[in-house]
Amino acid sequence: MAGKSHFSASDRFEYLQGLVTEFQDTDSEEAKEQVLANLANFAYDPSNMEALRLLQVTELFLDMLTEENENFVEFGIGGLCNLSMERESRDQILQSSGVPLVISCLSSNRDETVLSAITTLMNLTTAASRSETTDSAVVQCMLRFSLTQNPRLRNLASVFLEDYCTQQQVDRAREEMQGQSQSAVGIPLPKD
Amino acid sequence: MSRLLWSLTSLHKMDRSVANPSVWDTQQLYKHHEQRTVAQTRPKYREGRRLKAVKVYTINLESRFLLVQGVPAIGVMTELVQLFALYGVIEEYRALDEYPAEQFTEVYLFQFKKLTSARVAKRHTDEKSFFGGQLHVCYAPEYETVEETRQKLQDRRRYVNRASQNTAKQHNLQLEENTVSSCTKTQTSAAPEIQKGSEKARMENVNRDDMGFSVLPLAPEDDVSYRLHGFEQPLQLQWTTDTTLPTEDKMGSLHNAIPPVTEKETKQSASCKKERDFIKRQKNLSPSIRFMPRTTHLESRKRKLEGQAFFLNEAAETETLIGPKLPELPKVDMEDHSLNVTASLIRQTMSKVTSVPEIKPVQVKTPTVKPRRRI
């Protein structure tokens, strides 16, 4: 079944390593964006995941989430969304304490960034991390998302609320939203 | 109070939405429908075969729904549907009259049964010319329901984990030649995975097995080896396994050419044995197949088809019928109940239609006396 790939595992690894090196060495924003998008797309293919994990690309993606450049954030969280589908990569992200960084992406102005962040949070939810990924602030944010006009955002937030949160959590978040203790997670700051 | 806050926040977002479409606004046109400009500045080593825009694909962006823009408004819907039907079963399609289209063009929405079909269709039709226009095909996940979104994510997760398990398996195989021992290993490792999966996803629907995703589609060479092996099998067995004729896919796409070997992964013992066979097969056949000339391939296909015809004739001989009988049409499973019903209806009417003219000429011919021919 290795026939699926045209390249051997070592070729693959070398190529990806080349990409990571270029990303770290180049000063051009444009080249960085391209390489980052490349890496994030490579993360879609399960056969690359092991190599990407070895190259610490999860760390690289997580670093992107705090960048100023919105493209960097979008591609970084996209890559994490792709990687976190797999269990080992998921554990790696959790070990690097990536959950707060992912949650911060919920406040982005961009659709794709927010959508990727929601899916990544779903993937990152395990028995151990549940309290962190379904924090009350996140649940409130999802409740707001589930009321928007954007069908993709609405659907994804509904899946999150139905499958990853308990009814108690949702009820409590609703109560909190009625009261004064609203969280600002998922509300983008106005641009100036 | 919260409502007020909510409306306030959404209000100040509305202003900006004109310039930058955000997650909050209500417009029909979505950013991901736009065609991005391709990147011209890539260095040689990471320049693909086609120029592409700088964009990241995630499962959120993919969908069984495809939006097809730029269809010339000259009444070619049938041709369009025929084109897209080449890539997989279409569950639904319709013209989107309300969608803003360029002048003299139409926009269509297609819903494929499988996400893989949609993916292949998009790759083969996007930016291709069609009746003088250029198609722009993109995914349209906003037409999904909540349930469809959920299913899509679950299928993707399952596929990724199965695929990575398989690659791990392969590593094992490469390390140790003894396939039997590795087989038992995968058996033991696979069992807890399944348990975990069912625990984690309480809503998981076990009956639906990988709707959207093929289980590691085989490479062309492997596929050929499978076919060749099929030829070597007793004919009866082959007939039962290949309900849909294994004739070549004209698209060269493998989305429906998945052998049953990988499909029945849950049956561990069976799959284990099959896997061993498969590896043996690969070992035996791969050198000869890699360089198999096309003529040989065509010949073997021809022989196989003849074999099938022979098998059908043999079955017919058991009935008390004298004279040759045409082979019956193979009953193709359309993978859908309503489609099957329609197909059988068509088959019935076809048989009715074809049976009528056979009787008529006999009735007409008998009374009339053949006039003598004048010389």
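B:Val68 stands opposite B:Tyr108 in β3(B). This is a predicted model, in which local features need pLDDT of at least 70 and side-chain atom pairs count only at pLDDT 80 or more, while totals for chains, interfaces and linings use all residues. Residues are numbered from 1 along each chain as its sequence is written, chains are lettered from A and ligands numbered from 1 in the order in which they are written, and side-chain values use heavy atoms, with hydrogens and water left out.

**The sheet of chain B**

Strand β1 (residues 65-72) and strand β3 (residues 105-112) of chain B run antiparallel and are joined by six bridges. β1(B) also pairs with β6(B), again in the antiparallel sense, over four bridges; here B:Leu66 has B:Tyr139 as its bridge partner. Strands (E, at least two residues) and helices (H or I, at least four) are DSSP runs numbered from the N terminus, and two strands pair if DSSP finds at least two bridges between them.

Four strands of chain B make up an open, antiparallel sheet in the order β2-β3-β1-β6. β2 (90-95) and β6 (136-139) of chain B are at the edges with a single partner strand each, so one side of each has no neighbour in the sheet. From one strand to the next, the twist averages 20 degrees.

In a regular strand, side chains alternate between the two faces of the sheet. In β6(B), B:His136 and B:Cys138 point one way and B:Val137 and B:Tyr139 the other, and all are buried. Buried means under 20% relative accessible area, exposed over 50%, and partly exposed in between (1.4 Å probe, protein chains only).

**Helices across the sheet**

Helix α2 (residues 77-85) of chain B lies across β1, β2, β3 and β6 of that chain, at about 35 degrees to β3(B). α3(B) lies across β1, β3 and β6 of chain B, at about 155 degrees to β6(B). Axes are lines fitted to C-alpha atoms, for helices over the stretch in contact (heavy atoms within 4.5 Å); angles run from 0 to 180 degrees between N-to-C directions.

B:Leu115 belongs to helix α3 (residues 115-125) of chain B and is buried, with a relative accessible area of 3%. Its C-alpha atom is separated by 4.6 Å from that of B:Arg64, 51 residues apart along the chain.

**Chain A and the cores**

Chain A has twelve helices and zero strands, against eleven helices and six strands in chain B. Accessible areas come from the Shrake-Rupley method with a 1.4 Å probe.

| Chain | Residues buried | Accessible surface | Carbon and sulfur share |
|---|---|---|---|
| A | 60% of 192 residues | about 7900 Å² | 48% |
| B | 37% of 375 residues | about 23800 Å² | 58% |

A nonpolar core is a set of buried Ala, Val, Leu, Ile, Met, Phe, Trp, Tyr and Cys residues joined through side-chain atoms within 4.5 Å. The largest has 67 residues, of which A:Phe61, A:Leu106, A:Ile118, A:Leu121, A:Met142 and A:Phe145 touch the most other members. Apart from it lies another core of 19 residues, including B:Val76, B:Phe130 and B:Tyr139. Leaving aside neighbours within four places in sequence, the contacts of A:Ile118 include A:Leu106, A:Leu153 and A:Phe160.

A:Thr125 sits in the loop between α8 (111-124) and α9 (130-133) of chain A and counts as buried at 2% relative accessibility. A polar atom of the A:Thr125 side chain lies 2.7 Å from the backbone oxygen of A:Leu121.

Methods. A polar contact is a pair of N or O atoms within 3.5 Å; within protein, one must be able to donate a hydrogen and the other to accept it, and residues adjacent in sequence count only if both atoms are side-chain atoms.
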